[in-house]
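Colleague: I would like to go through some labels and ask what stands behind each one. Please show me the model before we start.

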Amino acid sequence: MRDKELRLALVCYGGISLAVYMHGITKEVWRLARASQAFCDPLPAPGSGEEDVYRELLGEIAEVSGLRVRVLVDILAGASAGGINSVFLAQAISTGQSLEPLTAMWLEQADIDSLIDPDQAPSSGMTKFWARPLAWMAMGADAIEETVEHAARGEVRNKLNTLVRARWFEPPFGGKRMVTMLLDAFAAMEKAPTGPRLLPPGQPLDLFVTVTDFGGHPERLRLNSPPEVLETEHRLVLSFSDGGKPVDTLADHAELAFAARSTSSFPGAFPPFMVGELDEVLADRGATWPGRLAFLTRALPRQVAANAVESAALIDGSVLANAPFRPAIDALRERPARRQVDRRFVFIDPIPGFRFGLGAGRDGQPSFFQTMIGALSEIPRQQPIRDNLDMLMDRSDQIERKLAILDQLRGEVERQVESVFGYTLFLDYPNPKRLTSWRRRAQAAASGKAGYGHAGYSLLKVEGVIDRVAGILHHIGDQSGQERRRAIRGAVAEAVRLRGGNKVGTEHPTGASPRAVAFLRGFDIGYRIRRLRLLVRRIAELDGDHDRAELREVREAVYAALAAYLERHRAQPMAMLQEQVRQLPAGAEAVLDSLEATMDLQGLDTATDEALAGALSRLPRDARRPLLLAYLGFPFFDIATLPLLQGEGLDEFDPVRVDRIAPDDAVAIRSGGAAATLKGIQFNNFGAFFSRAYRENDYLWGRLHGADRLVDIVLSTLPATVRLKAGRTSAIKRSLFLAILDEEEPRLTAMPGLIDSLRAEIG
């Protein structure tokens, strides 16, 4: 059985009250991750009937394909309502805590009565009694009768009365109430039964939440003239990571609540979030926040530096970044890999193509209000997705081009390697000493045959190493800002120049001076990772569609070595260098010496050669020969491809595919999209705040839609030539749907007949 990881990078959009629907989807993702872990790990794990169906699906995949697929979520990014759900799902995955307590929060407390600020609520039945007819006139006399089920009309009318008679021109919902609700939910998750962490050991979970800094903060821009200007930046991204280690909590509950409350501070509905609001709630609860200053320094560095953190006003993250793909894409660069990976970006869009639709003029042109709201809110929220999806597509196309180039070069490279070593090489069994010697001999041969072109290749490698070292040090120092990164890079580049690390050219036998070679041996992680990625791909090609048992040991040795190098690339293991890094640009050479000793790449090279030599020596000759040709021929491949593709290959090697989960895509039960299934879309997506019945409906449809699409996504990881038996996909989905209804029926009682009608549709 071959192992394969289906890795999901989850991007969650905003959606106001459709947060309840998105909770249903993210809960389904959590259930699938639990079921997958239980399937792949031999330890028994208690689960629901629905998780048993997921395990049955994974078992059938293993039978028909020989693949043991593990589904995991290791990157999450969210904005607004999606930001809240991303924070809670990340906490559950990282700690093994349950998402079940969160369901109670959404169903019971995501309501006008719970969210409205007591100071904003009408004091009596006569308060602004005259506002009611105005509200009905604005909405249309028959709005509720036309859009709300008979059983829920009274509840919606009462809560709408409360809302329209609240204090006008001030946000009706209470920020402190929201913070309290979030902290209560984290506490409930902590008290509930906890399972194992839902990621393999060493696999980090990274969370990104977008926030809008209403007042903005200054950022320096470098120009030709004037040489430097200040611009106001409003975008913020709050990031969290568990570093791949088991933790009791992804971050302090106060910090997670900070992220969830600020990203969902919808303009006009909630007051802007300010840190004093959180401080007051914590004081009322008698809670402490030991890491307050460190977190605020990382989250709001400019405000802390200007002693203005208390006055910083943060609003909804979806104002400027409703689809936060970019930080999730950047996170791909540090992912460890121990087995074959199928990387997906999965974005949850609860309302594809949503428009406020405030009415066009008689001539068909946008009305005054439609133009204003569209320009200020709607268009900025919807536009970024194309740019980010184009970025992902370009990245995947670039990798595809690289793979095509490698395939075309293979024959020539193999001839070059054979000309260097002769055919007798493949009659010898590799041992660590031989493998090290062969590697260096192949490197020298590739350098010599490249001629003057090798100087450009070497300089590109040196510059790439400087970039990556600067990036590692920037992360270690934990001082945000591009100017700080530039300062670190400048210090590193100068230190490399002083030690002769950039001295390359044809006057040197290997195309680089001994000092440049020493620098690359000490710091060039990317070269090692690219070489192992190539070996992984060659093993996969030899494996074909059928598992060759003799390749298992070498595959595991390569993945283990790859994981070790990738771990060196992450900043967390080198946190002890933080104070030294923060002194840069002073002492850059000493910092490089410390970093080189901490990374110890040459020691890792020795361990890798030992592991690979042992595994290769036990292979039959027909498998050992092509793998040795790929491993020793890598310098030839790298010289040809690195200048063309600018070093692509440090991150996950295979192209990224993108999947969407939305009402329009999940049609196994009912077509028609959000209009045919969701209630929260009413009142410009505030509808679920007015009715428990609406929240129950949307939560249940979220689970059903999530199950529908997740089955499709899991099955799409199968090789193109492998399929389940006819009818099995529909049968598995039906079993999942019925298991969800069985589980939720005792809890969802506010919409009589909903469960029965769905059972009839499912059949």
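Colleague: Why is Arg285 called partly exposed?

Modeller: Its relative accessibility is 36%. Buried means under 20% relative accessible area, exposed means over 50%, and partly exposed is in between, with a 1.4 Å probe and protein chains only. The value for Arg285 therefore falls in the middle class. This is a predicted model, in which local features need pLDDT of at least 70 and side-chain atom pairs count only at pLDDT 80 or more, while totals for chains, interfaces and linings use all residues. Residues are numbered from 1 along each chain as its sequence is written, and side-chain values use heavy atoms, with hydrogens and water left out.

Colleague: What makes the contact of Arg285 and Asp184 a salt bridge?

Modeller: A salt bridge is a side-chain nitrogen of Lys or Arg within 4 Å of a carboxyl oxygen of Asp or Glu. Here N to O is 2.8 Å, so the pair qualifies. Arg285 is in helix H11 and Asp184 in helix H9, 101 residues apart, so the pair links distant parts of the chain. Helices here are DSSP runs (H or I, at least four residues), numbered from the N terminus.

Colleague: Which class does Asp184 belong to?

Modeller: Asp184 has a relative accessible area of 34%, so Asp184 is partly exposed.

Colleague: How do you know that the span of helix H9 is close to the expected one?

Modeller: Helix H9, residues 175-191, has 17 residues.

Colleague: Which helices do the buried residues of H9 pack against?

Modeller: The buried residues of H9, including Met178, Leu182 and Phe186, pack against H3, H4, H5, H10 and H11. Contact means heavy atoms within 4.5 Å.

Colleague: Why is Arg499 called buried?

Modeller: Arg499 has 18% relative accessibility, so Arg499 counts as buried. Arg499 forms a salt bridge with Asp593, the closest N and O atoms being 2.8 Å apart. Asp593 lies in helix H24 and Arg499 in the loop between helix H19 and helix H20, so the pair ties together parts that are 94 residues apart in sequence. At 44%, Asp593 counts as partly exposed.

Colleague: Are Arg528 and Asp605 buried or exposed?

Modeller: Both Arg528 and Asp605 are buried. Their side chains meet in a salt bridge at 2.7 Å, N to O. Arg528 is in helix H21 and Asp605 in helix H25, 77 residues apart.

Colleague: How many salt bridges does a search of the whole structure find?

Modeller: The search finds 51.

Notes:
Helix = DSSP H or I, 4+ residues; strand = E, 2+ residues; numbered from the N terminus. Expected span 1.5 Å × (residues − 1).
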